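Please go through the points below with the structure open.

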Amino acid sequence: MTGHHFPDEPLLATEIEPGHSSTDEPNGLEARIRLLLNTEPFAVLCTQGQGQPYGSVVAFAASSDLTALAFSTPVTTRKYRLLTEGDRIAVVVDNRPRHREDMTQVEAVTLTGRARLLPQGPEREQWAAALVSRHAYLKTFIAAPTTALFCVDIVRCLYVTRFQEVHQWIPTGPGS
Amino acid sequence: MDTDRSWIVTLADADAVDPAFIGNKAANLARLIQAGHHVPDGFCLTTAAYQRFIREQGLGPIIQMELRRKPLATMRWEELWDVALRIRSAFLSAEIDDDLSHAIEVAAGKFPGARSWVVRSSAPGEDSSLRSFAGLHESIVGVCGLEEIRDAVRKVWASLWSDAALLYGQESPLDPLQSAMAVVIQERVEATPSGVAFARDPRDQRSSYAIVEAVPGYCSDLVDGVVDPDRWLIHRESGAIAQWKPGKRGQAEETAPLLSEQALHALQKSLTSIESLFGWAPDIEWTGCANELTILQARPITSGKTDPADPRAWYLSLKLGPNVLRRLATLVTETRIPQLQADGERLMDEVLESLDDQELADTIETRSSILNHWKKIYRDEFIPFADGVRHLGRYYNDTVRPDDPYEFVGLLKGQPMLASQRNHKLRSLADWVKTHPEVETALKRYLAERSADFDWTQAYQSIAQLSAGAEFVEQFKALLAKDMDIVFGEERLGDHPERVLRTLLQLGQPVSRDVGNDYPVQGYTGSVAELEKRLFDAAGSEKLQEAREILHIGRLSWKLRDDDNLLVARLESQLLRALRLGAQRLMASGRLSEKVGERVREKVTSRVVDALRDPNAPCSDWPIEETSEERPPLQSRESARQLIGQPAAPGVASGPVCRVRNALDLGRFRQGSVLVCDAIQPMMTHIVPLATAIIERRGGMLIHGAIIARELRIPCVNGIDRAVEVLSDDEWVTVDGYLGIVTLGHADFDLETGSN
């Protein structure tokens, strides 16, 4: 089913029906992913170019329906150039610092999707406001003309906990 | 604890409260009240109120970003001033929420008789016997009405992060999320006379004398230096009045003491009682006298002695009140600058070649003492007067409340500074050359052919033969003699016409900045007149005169900080001219080697003088060392990739680095390069238009380089630690003047594709 919406997204795990998780339950997969994205302010952005992966820490904000997130970067950075050359990216959000003593409690979500540069306009303004609301110190940074805002349209979320327990959740689909 | 009860404590009830909650000032006042001293009524806004404000307004992360983006220890005081300005601006644009505001209103309402208030900082640790300094935070006198109280509270809160506090916290900065400031809000008592008193002479902790100072009117008039006080020395044990020094409040000193013996004894008695209460010798502010004596505040006497090697105390002394600034403005502009200018011109006109050796030695000594005289005035008066710009900045931001805390810088544009006039002449001559291709071609040829023994006299002669060549030679020589008779990097710029000419020929070319033209200019882009109107409208008719005067002084201060450098550099040039002549004579007589003689500097002045006076004085051991290029040891596997500084002028541009460390580098500077230097000085601003971008070690939004870069729309990042050492000539860099980032290497960064 996911192939229908994102035909060229490679399948990285056993496919689960989109929206198939128990989204309404407080402890359901969607709720746990949402909690992680709302609690952790920073993520690792994974880009690639010429076959070389590249990772960067970014401050992010996610949409309430978990279909998208946004981050900012100066245009003079390597990650900016890689993003303009290839839009397939991954974003890792985790809570390692909270569970230094117990690996089994660490939660991580790997989000895969497509990044797009946000041009000036209402969508950029909305994301800028969301980022500043979450990261007030970014106000000047985000307002600078040499700061680019990217929106990531999230294709799938791979949620990991208890060391190796992995579940996939698709934010957009018939069940959403 | 986060309730209106925990936000407010009345001073009368505050003696039982932990000073960590109300600050030392409030705690001290509370103890004075309990001990029976008369203290103005009021209340304390606790640290919980501050913390709520910070939390509700999301200010914690903003302060964190300001304090931690760069190591505080690498920031000069100008950068700390900027940090404090931005934090203050963030505090002033944040609102006190309704609950807290209501609590303040209720607390103030309990003092219905209060017409005017004093809002004072009361930080935990402030005014304690462990602190060796005072005045790091703000206190505001004469606050009327709830809105002004709220405003004053935010300013006092922001002063937890004042430049002075940051300066003293550089080694162990406060934690932005844990630190807090309490505020004392008291009725303003309008008694007279008022003053300060020290239980011991603050200059000598073993002194047997107390000191009392008094003025008619408010204590703030004394503290701000508005009114000259009467001053008494009183013996601590006997209470005997040992000395009275009358204040000078009119044309002459007062003839009768302002305080009676009875009033002085009452003050002495209070000092003794307070000392015994706290266990430390107090420094108090008081008002009213004898039976009506009111103690405004009491704190431990801070040591009058400061470590001369510690520049922080000197920096703090540069913060001047409006009255001192006004006095300095008159002194500097009407007396000092004209004198300095006249001294320079007089020395330029003196013919030295006809002097004998003894006369030349005398002249060198005279020039040296004139220069030293002006260097002292530079430090004692010119640098302090530079506070006029900062004063304008604070005033503009308090009055207009702009989004951009540097909007006021636009008011400084277009001041007729000496350096701008010189640069304009150079530019005009460059344009003239462009319209005379024959002269231009000849000049380029001369420069291309120039070798070490190139003779400029000959060059001038042959250029003068060209059509319109004589006109160029005349103008160029006048420029060298008048505008380039200055020292930069211990060399006289006029001594090297070829360097000036290289700059001149490039000035005629347009500079292309390959990146950044697409980016919009940020912030308020109004004209100078529009900014003035904004200021005057916000000040209103009541404060119009005040606003005009502060603007006037700010502009004078800005202009002066440029002109004074050039005028002192001219005096340096005139001393160097005399020293060079002396050295030439010593070289001609075979006493001085050419190697040393060519490198004569100001620091060997006394050696040159001695040698000219005494034919037997040695000339072989003069301390003239080669200037060595100081590069830090580079780790072979270490390299900088992105450097963080201050976004000093908007725009983004890339280019090869050209470091300017001395006069030789000025001549080497090529159009389209990124100018990298310690700090742009007025002596070198003629090359600035050639730069595609600017990087400076010295940081600050109000330093020369930042303002010139903004005027010329050249992207500038300053405050890059060790910029000249870290960056190499010809290295490609990208300067992002919006974000304060310098990126090393080409934009097309290599990826690690497994080749190594």
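1. In this predicted model, the hairpin of β8(B) and β9(B) has five residues between its strands, and B:Gly239 there takes a positive phi near 75°. Helices (H or I, at least four residues) and strands (E, at least two) are DSSP runs, numbered from the N terminus. Strand β8 covers residues 230-235 of chain B and strand β9 residues 241-245 of chain B; the two pair in the antiparallel sense over four bridges. Pairing requires that DSSP find at least two bridges between the strands. B:Leu233 stands opposite B:Gln243 in β9(B), and B:Ile234 has B:Ile241 as its bridge partner in β9(B).

2. Strand β8(B) also pairs with strand β7 (residues 209-215) of chain B, antiparallel, through six bridges. In that pairing, B:Ala214 stands opposite B:Asp230 of β8(B). In a regular strand, side chains alternate between the two faces of the sheet.

3. On confidence, the model scores ipTM 0.80 and pTM 0.85. Chain B averages a pLDDT of 87, and 90% of the residues score at least 70; pLDDT is the predictor's confidence in each residue, from 0 to 100. Where pLDDT is low, the predicted coordinates should not be read in detail.

4. How many cavities of 30 Å³ or more does the structure hold? There are five cavities of 30 Å³ or more. A cavity is a set of points, on a 1 Å grid over the protein atoms alone, where a 1.4 Å probe fits but cannot get out; lining residues have an atom within 4 Å of a point. Grid points are joined across faces, edges and corners, and a volume is the space filled by probe spheres set on the points.

5. The largest cavity has about 70 Å³ of space. Its lining includes B:Leu493, B:His496, B:Arg499, B:Ala663 and B:His686. The elements giving two or more residues to this lining are α19 (497-507) and α24 (663-668) of chain B. By class, the lining of the largest cavity has five nonpolar, four polar and one charged residues. Ala, Val, Leu, Ile, Met, Phe, Trp, Tyr, Cys and Pro count as nonpolar, Asp, Glu, Lys and Arg as charged, and the others, Gly among them, as polar.

6. The second largest cavity has about 60 Å³ of space. Helix α5 (residues 77-92) of chain B gives the largest share of the lining, four residues. Among the lining residues are B:Trp77, B:Asp82, B:Arg390 and B:Arg561. Five nonpolar, one polar and four charged residues make up this lining.

7. The whole structure has zero disulfides over all chains, a disulfide being a pair of cysteine sulfur atoms within 2.5 Å. For A:Cys151, the nearest cysteine sulfur is that of A:Cys157, 13 Å away. A:Cys151 is buried, with a relative accessible area of 1%. B:Cys144 is partly exposed, at 37% relative accessible area. Buried means under 20%, exposed over 50% and partly exposed in between (1.4 Å probe, protein chains only).

8. On conventions, residues are numbered from 1 along each chain as its sequence is written, and chains are lettered from A and ligands numbered from 1 in the order in which they are written. Local features need pLDDT of at least 70, side-chain atom pairs count only at pLDDT 80 or more, and totals for chains, interfaces and linings use all residues, while side-chain values use heavy atoms, with hydrogens and water left out.

Key:
1 Å grid on protein atoms, 1.4 Å probe; cavity = no way out; pocket = protein on both sides within 12 Å on 5 of 7 lines; lining within 4 Å.
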